[in-house]
Amino acid sequence: MVYRLRVFWWPGHIDRPYVMVADPEIRPRDGLTYTDIPHLMFNAEDPVLSGLCLFDPAGKEWTPADLIADTTVPWAAEWLHYYELWHVTGEWLAPGVGPECAASLSHGEARAIEEAAAHVH
């Protein structure tokens, strides 16, 4: 499967890159909902715009000095690998802090991402 990603990072407004799958849209397994997709920064207003939970911010795995191409993009590819496996097995097989997302967005960060996304063509 080939995926197209949207990566947002706005220093001073968002404290880490925010990655969404643009095409094809991510989807839950049959019989489940978007809230059941593991490691997803769930967007209740528009679940398709939910972000991939790629790392635990408390783990200090990413800093603004890191290159997105060297960290975030490979992590997103790995997330998609485990997402595909989840669709087959029903289990999130990646190591991590648990099936839920450790990261969350503040209201201000969510608004900043919406604003940035509105200006992307």
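Which residue forms a salt bridge with R16, and how far apart are the closest N and O atoms? Keep that in mind while we look around; the tour comes back to it.

**Before you start**

This is a predicted model, in which local features need pLDDT of at least 70 and side-chain atom pairs count only at pLDDT 80 or more, while totals for chains, interfaces and linings use all residues. Residues are numbered from 1 along each chain as its sequence is written, and side-chain values use heavy atoms, with hydrogens and water left out.

**The whole protein**

Begin with a cartoon view. You will find two helices and four strands, in the order β-β-β-β-α-α from the N terminus. Both kinds of element are DSSP runs numbered from the N terminus: helices are H or I with at least four residues, strands are E with at least two.

Of the 121 residues, 36% are buried. Buried means under 20% relative accessible area, exposed means over 50%, and partly exposed is in between.

**Stop 1: the salt bridge**

Select D15 and R16. Here is the reply to the opening question: D15 forms the salt bridge with R16, and the closest N and O atoms are 2.4 Å apart. A salt bridge here is a side-chain nitrogen of Lys or Arg within 4 Å of a carboxyl oxygen of Asp or Glu. Side chains of opposite charge can pair when their charged atoms come close. D15 is partly exposed, at 47% relative accessibility, whereas R16 is buried at 6%. A search of the whole structure finds one salt bridge.

**Stop 2: a pair of tryptophans**

Next, select W9 and W62. Their rings form an edge-to-face aromatic pair, 5.2 Å centre to centre with 85° between the planes. W9 sits in the loop between β1 (4-8) and β2 (18-23), and W62 in the loop between β4 (51-52) and α1 (72-89), so the pair ties together parts that are 53 residues apart in sequence. W9 is partly exposed at 30% relative accessibility, while W62 is buried at 7%.

Rings of Phe, Tyr and Trp (its six-membered ring) pair if their centres lie within 6.5 Å; planes under 30 degrees apart are stacked, over 60 edge-to-face, and the rest tilted. The count by this rule is six aromatic pairs.

**Stop 3**

**Stop 4: S50**

Finally, select S50, in the loop between β3 (40-41) and β4. S50 is buried, with a relative accessible area of 0%. A polar atom of the S50 side chain lies 2.8 Å from the backbone nitrogen of N43, and a polar atom of that side chain also lies 2.8 Å from the backbone oxygen of P47.

Terms used:
Buried means under 20% relative accessible area, exposed over 50%, partly exposed in between (1.4 Å probe, protein chains only). A polar contact is a pair of N or O atoms within 3.5 Å; within protein, one must be able to donate a hydrogen and the other to accept it, and residues adjacent in sequence count only if both atoms are side-chain atoms.
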